[in-house]
Amino acid sequence: MGASYSKEEKSYLIKVGDRIRELRTETGLSQEKLSFACSLDRTYIGSVERGERNISIINLKKIAKALKTEPSELLKF
């Protein structure tokens, strides 16, 4: 990861990633299928789920739409 984050910030990124993974698996999507559905690279989805990326609001919206949920649901953990 290029940026340096505090432990608290890193923990938050991991929680967001875990929540996205949880919703993705509940809907039966692979990372690849999710990536196609939201027009993001599969490796990007993987790095988000591992908490390695500070995801943008626009990409959060794209992922939520592909998961057929609201962006706020991705932040409920």
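Residue S6 lies in the segment that precedes helix α1 (7-26), where helices (H or I, at least four residues) are DSSP runs numbered from the N terminus. The model is a predicted one, in which local features need pLDDT of at least 70, side-chain atom pairs count only at pLDDT 80 or more, and totals for chains, interfaces and linings use all residues. Residues are numbered from 1 along each chain as its sequence is written, and side-chain values use heavy atoms, with hydrogens and water left out.

With a relative accessible area of 36%, S6 is partly exposed; on this scale buried means under 20% relative accessible area, exposed over 50%, and partly exposed in between (1.4 Å probe, protein chains only). S6 and L75 are 69 residues apart along the chain, and their C-alpha atoms are separated by 19 Å.

Helix α2 presents two sides. L34, S35 and C38 of α2 are buried. They cover an arc of only 100° around the axis, and therefore lie on the same side of α2; the arc is that of the directions from the helix axis to the C-beta atoms. K33 and F36, on the other side of α2, are exposed. The buried residues of α2 pack against α1, α3 (42-49) and α4, contact being defined as heavy atoms within 4.5 Å. Just after α2, S39 adopts a positive phi of about 55°.

Two packed helices are described by the angle between their axes and the distance between the axes. Helix α2 (residues 31-38) and helix α4 (residues 57-66) pack at an angle of about 110°, and their axes are 8 Å apart. Axes here are lines fitted to C-alpha atoms, for helices over the stretch in contact, and angles run from 0 to 180 degrees between N-to-C directions. The two helices α2 and α4 are therefore roughly perpendicular to each other, a class that spans 65 to 115 degrees, with under 35 counted as roughly parallel, over 145 as roughly antiparallel and the rest as oblique. From α2, L34, A37 and C38 meet K62, I63 and A66 of α4. The residues of this contact divide into 5 nonpolar, no polar and 1 charged; Ala, Val, Leu, Ile, Met, Phe, Trp, Tyr, Cys and Pro count as nonpolar, Asp, Glu, Lys and Arg as charged, and the others, Gly among them, as polar.

In helix α3 stands S47, which is buried, with a relative accessible area of 5%. S47 touches E52 and R53, not counting residues up to four places away in sequence. S47 and G17 are 30 residues apart in sequence and 8.3 Å apart in space, C-alpha to C-alpha.
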